[in-house]
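Me: Please take a close look at one part of this model, the charged pairs. Then place them against the rest of the fold.

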Amino acid sequence: MIRGVGTDLVPVARIARAVERHGERFLRRVFTPAECRGPGGILPAESLAARFAAKEAVLKALGTGWASGARWTDVEVVGGRGRPPAARLHGVAHQRALALGVRRVHLSLAHDAGLALAFAVLEGEEADAGPGVQGSGA
C-alpha cells in the first residue's frame, strides 16, 4: 500500500552556489559525510542537488515538510556506485515513517539541463510499523 508520495525539483546552480559560498558548513548541515563524498572527494553539484531534492521529496511524502522539526540529515540518501538510491531515515523523519506504517522508501533521482529531480514513494501498511524502515530512531 502506498503511504505517501513526494517530488521536488532543484536548480543545480542553487546547490553549487551554496557549496561555493558556505563550503563545509553547508555540506555538514545538509548532508551526512557518506551522502556528499565519493572516492574523488565532494560529489558534483548535480549529484548533490538530486540528493537535496530527495530529502525534500521524502519529507513531502511523509506529510510533514520541515515544520515538524526534522533536520536535513534526518533523511539520508544512500546507494549509488551501481546500487539504486534509497533513503535511510533518522530522528523525526524516522518516527513519522513508523507512525505511518512505512516499510520502504522508493527513490528516483535525475538531473538534466541544470535541474535535479527526485521522486519518493513510501510503501507500507497502515497498522504495520515493523522494523522494515531503516533508521536510528534518534
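Reply:
**Salt bridges and their setting**

Arg 88 and Glu 76 form a salt bridge, with the closest N and O atoms 3.8 Å apart. A salt bridge here is a side-chain nitrogen of Lys or Arg within 4 Å of a carboxyl oxygen of Asp or Glu. Arg 88 lies in strand β5 and Glu 76 in strand β4, so the pair ties together parts 12 residues apart in sequence. Strands (E, at least two residues) and helices (H or I, at least four) are DSSP runs, numbered from the N terminus. Arg 88 is partly exposed at 31% relative accessibility, whereas Glu 76 is buried at 9%. Buried means under 20% relative accessible area, exposed over 50%, and partly exposed in between (1.4 Å probe, protein chains only).

The model is predicted: local features need pLDDT of at least 70, side-chain atom pairs count only at pLDDT 80 or more, and totals for chains, interfaces and linings use all residues. Residues are numbered from 1 along each chain as its sequence is written, and side-chain values use heavy atoms, leaving out hydrogens and water.

Side chains of opposite charge can pair when their charged atoms come close. The whole structure holds five salt bridges. One of them joins Arg 37 to Glu 24, with the closest N and O atoms 2.4 Å apart. This pair links distant parts of the chain: Arg 37 sits in strand β2 (residues 37-38) and Glu 24 in helix α1, 13 residues apart. Arg 37 is partly exposed, with a relative accessible area of 29%. Glu 24 is also partly exposed, at 36%. Arg 71 forms a salt bridge with Asp 74, the closest N and O atoms being 3.2 Å apart. Asp 74 is buried, with a relative accessible area of 2%.

Now the nonpolar core. The largest one has 37 residues; Phe 31, Val 58, Leu 62, Leu 89, Val 105 and Leu 107 have the most contacts inside it. Such a core is a set of buried Ala, Val, Leu, Ile, Met, Phe, Trp, Tyr and Cys residues joined through side-chain atoms within 4.5 Å. Elements that each supply at least two residues of this core include β4 (75-80) and β5 (83-89). Helix α3 gives the largest share, 11 residues. Leaving aside neighbours within four places in sequence, Val 58 is in contact (heavy atoms within 4.5 Å) with Val 75, Ala 87, Leu 89, Val 105, Leu 107 and Ala 120.
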